[in-house]
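I opened this entry to keep track of what I looked up. Helix first, then the core, then a few single residues.

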Amino acid sequence: PTQRLLAIKAVRTTGLNRKLADALAAEVSIMQTVRADRIVRLEQVLKTESGGTGRLLCLVMEWCEGGDLGAYLRRQPGNVIDESRARTYTLHLARALKVLREQNLVHRDLKPQNLLLTADYSCLKLADFGFARYVQEDDLAETLCGSPLYMVHIWYFWVTFGRHQKFCAMKSMMNGQTCGQSGLSCTKCSLERRRFEHRTTFSS
């Protein structure tokens, strides 16, 4: 048999409250459903008893040897990459989001740490669906979640949002690849994001 490296996300399920248990079950269900080249693949789900640590739920996933985009950027001079590679990564993320949109899913936690790279850094894949949820065509969500540094400005005013919101978060985050700063810490990206939000209608 062919041997290959895999990644394992182990979650202790002993003592989880109902809300966290439901969220974990939803994450597993979404990853089992969504299959695409630009999304980290879930290979297997294992349930184990692990002595003193209690029950564990193990998500066995494909291994992305290049690590996450945030760590990769920190290793580059000035924390930036050239525009050609930035365009490639942005295209890969857009393709992943297109797959989610087609299945009425929103990720809700787009950030460099959730974007993984292959060994040769040529391919970017979307990971971590812990905050993901289904949103139907005309539905709006009100839950404030995700990573504050990469949130869209209007979330701070507690308004409802739909499926298009993720494209604003993507624009802000991916701009940081070529300017060396991320999210709200980048004045240029923040200004561009506000202009983008002003022009964008957040309904289908």
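**Helix α1**

I started with α1, residues 18-33: it has 16 residues and reaches 22 Å from its first C-alpha to its last, close to the 22 Å expected at 1.5 Å a residue. That expected span is 1.5 Å times one less than the number of residues. Helices (H or I, at least four residues) and strands (E, at least two) are DSSP runs, numbered from the N terminus. The model is predicted: local features need pLDDT of at least 70, side-chain atom pairs count only at pLDDT 80 or more, and totals for chains, interfaces and linings use all residues. Residues are numbered from 1 along each chain as its sequence is written, and side-chain values use heavy atoms, with hydrogens and water left out.

Next I checked burial (buried is under 20% relative accessible area, exposed over 50%, partly exposed in between; 1.4 Å probe, protein chains only). L24, E27, V28, I30 and M31 of α1 are buried. They cover an arc of only 165° around the axis, so they sit on the same side of α1. The arc is taken from the directions from the helix axis to the C-beta atoms. R18 and K19, on the other side of α1, are exposed.

What covers the buried residues of α1? I found that the cover includes β1 (6-12), β2 (42-49), β3 (55-62), β5 (105-106) and β8 (133-134).

**Core**

I then looked up the largest nonpolar core, which has 33 residues. Such a core is a set of buried Ala, Val, Leu, Ile, Met, Phe, Trp, Tyr and Cys residues joined through side-chain atoms within 4.5 Å. I39, L100, L126 and F129 have the most contacts inside this core. Its largest share, 7 residues, comes from α3.

I listed contacts of I39 (heavy atoms within 4.5 Å). Beyond four places in sequence, they include A96, V99, L100, L126 and F129.

**L59**

L59 lies in strand β3. It counts as buried because its relative accessibility is 0%. Among the contacts of L59 beyond four places in sequence are E27, V28 and M31.

**Positive phi**

Most residues other than glycine have a negative phi. I noted N79, with phi near 60°, in the loop between α2 and α3. N79 is partly exposed, at 33% relative accessible area. R108 has a positive phi of about 70° and is found in the loop between β5 and β6. Buried or exposed? R108 counts as buried, at 17% relative accessibility.
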